[in-house]
Amino acid sequence: MEIKLQNLTKIFSDKSGKEVRAVDNLDITIPNGKLIGLLGPSGCGKSTTLYMIAGLHTPTGGKIFFGDEEVTEVAPEKRGIGLVFQNYALYPHMTVRQNIMFPLENLRVDKEEAEQRTVEMAKLVGIEELLDRKPAQLSGGQQQRVAIARAIVKKPKVLLLDEPLSNLDARLRLQTREEIKRIQRETGITTIFVTHDQEEAMSISDEIVVMNFGLEQQKGEPQSVYDNPTNQFVAQFLGTPPINLYEGVIKNGKLFIGNSEIRSVEGFNLKEDEGVTVGIRPEAYIPVKDSKQAKLVIAYNFVESIGRDIGLVCAHPESLNESFRIIIRDLAEITPEKMNFDLNLKKVFVFRKIS
Ligand code: ADP
């Protein structure tokens with residue numbers, strides 16, 4: 001089921017009557033059968049978007065289509081969606097088994113089949129041995145897994161997940177996200193996964209939609225967005241360790257960070273003497289192979305604006321992907337002239353300064 005959002009907007013009024021544009025003219029198409037990560041910092045409008053798709057919030061403007069059908073005004077229970085919220089409330093008086101089975105009873109699925117699907121789902125989310133417990137006898141993480149099982153047992157056309165893994169511990173979070181991905185692949189349910197965790201979104205999404213201040217910042221395959229961020233916000237929001245940012249300037253057609261010349265500015269479309277922000281991904285630093293600086297290769301960069309601190313990205317030449325960042329305070333040993341590194345310019349981005 002393809003989902004199309006057309007100029008979708010939600011404006012709330014806060015207590016003082018001031019307008020909050022929670023979602024601002026969102027215009028995106030979510031392809032059939034894909035898992036889309038809706039990603040952005042807290043308060044950027046992710047949940048509001050999801051609730052409008054679910055029918056729990058009425059849009060202030062715009063339209064929502066499921067396939068060819070406009071569902072903007074359709075009641076939530078008629079939309080064929082499965083929902084999982086961060087703090088999903090299970091029915092407390094029912095056992096886990098009854099909770100998972102409940103949607104199937106509503107759909108009048110044959111009892112034997114319902115039993116079988118319930119056990120299948122419970123196995124899938126790793127709570128098989130808890131089927132006869134009540135929600136109060138489960139940890140938060142276990143309750144959330146019951147909620148996931150309950151959402152997918154009825155094979156919805158659209159699965160909406162709002163920070164579904166936030167309550168799970170790190171190990172279970174990794175495991176469960178892989179399970180969600182696998183379930184999504186097997187069932188082909190069009191899925192929207194809301195998270196503030198870029199790593200989570202990058203790892204399981206076919207495509208991500210990065211939002212900020214209610215606005216779409218960028219949409220695309222995770223690697224493609226990471227490799228071609230359209231603005232500084234996206235560049236900063238994606239990546240572990242994060243992108244290094246420096247003040248830069250263009251002189252005589254060349255890009256400088258402090259006194260260091262970054263050799264090529266081709267393709268950056270920059271004006272002379274323009275102050276810019278330069279983003280350099282940690283993995284952009286390539287040690288010169290015959291460097292006498294040997295085992296620990298120091299890729300230098302510096303920021304006058306942070307005074308005597310130097311931001312360094314250090315890496316063992318044999319394991320460059322494991323780059324890590326250290327800050328040293330002693331400038332005596334390290335000067336730009338002593339630095340010995342090259343830059344992968346594909347990993348260097350130039351942005352207009354955010355005023
Ligand atoms: P996210 O899910 O990305 O954390 P939300 O969609 O929950 O963000 O919120 C987006 C913005 O809308 C925030 O500024 C939030 O305070 C505001 N907001 C959300 N729900 C309401 C509401 N019911 N009334 C007023 N403002 C709201």
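Helix 3 and helix 4 (residues 140-152) pack with their axes 9 Å apart and at an angle of about 135°. This is a predicted model, in which local features need pLDDT of at least 70, side-chain atom pairs count only at pLDDT 80 or more, and totals for chains, interfaces and linings use all residues. Residues are numbered from 1 along each chain as its sequence is written.

Q: Why are helix 3 and helix 4 called oblique to each other?
A: The axes are lines fitted to C-alpha atoms, for helices over the stretch in contact, and angles run from 0 to 180 degrees between N-to-C directions. Angles under 35 degrees count as roughly parallel, over 145 as roughly antiparallel, 65 to 115 as roughly perpendicular and the rest as oblique. The angle here is about 135°, and helix 3 and helix 4 are therefore oblique.

Q: Which residues make the contact of helix 3 with helix 4?
A: Helix 3 brings Met-121, Ala-122, Leu-124 and Val-125, and helix 4 brings Arg-145, Ile-148, Ala-149 and Ile-152. Contact requires C-beta atoms, placed from the backbone, to lie within 7 Å. By class, there are 7 nonpolar, no polar and 1 charged residues; Ala, Val, Leu, Ile, Met, Phe, Trp, Tyr, Cys and Pro count as nonpolar, Asp, Glu, Lys and Arg as charged, and the others, Gly among them, as polar.

Q: Which residues of helix 2 meet helix 3?
A: Arg-97, Ile-100, Met-101, Leu-104 and Glu-105 of helix 2 meet Ala-114, Arg-117, Thr-118, Met-121 and Ala-122 of helix 3. This contact divides into 6 nonpolar, 1 polar and 3 charged residues.

Q: How is the chain divided into domains?
A: Domain 1 spans 3-237 and domain 2 spans 244-352, with bounds from an automatic or database domain assignment. Their contact takes 4 residues from domain 1 and 4 residues from domain 2.

Definitions and conventions. Two residues are in contact if their C-beta atoms, placed from the backbone, lie within 7 Å. Helices (H or I, at least four residues) and strands (E, at least two) are DSSP runs, numbered from the N terminus.
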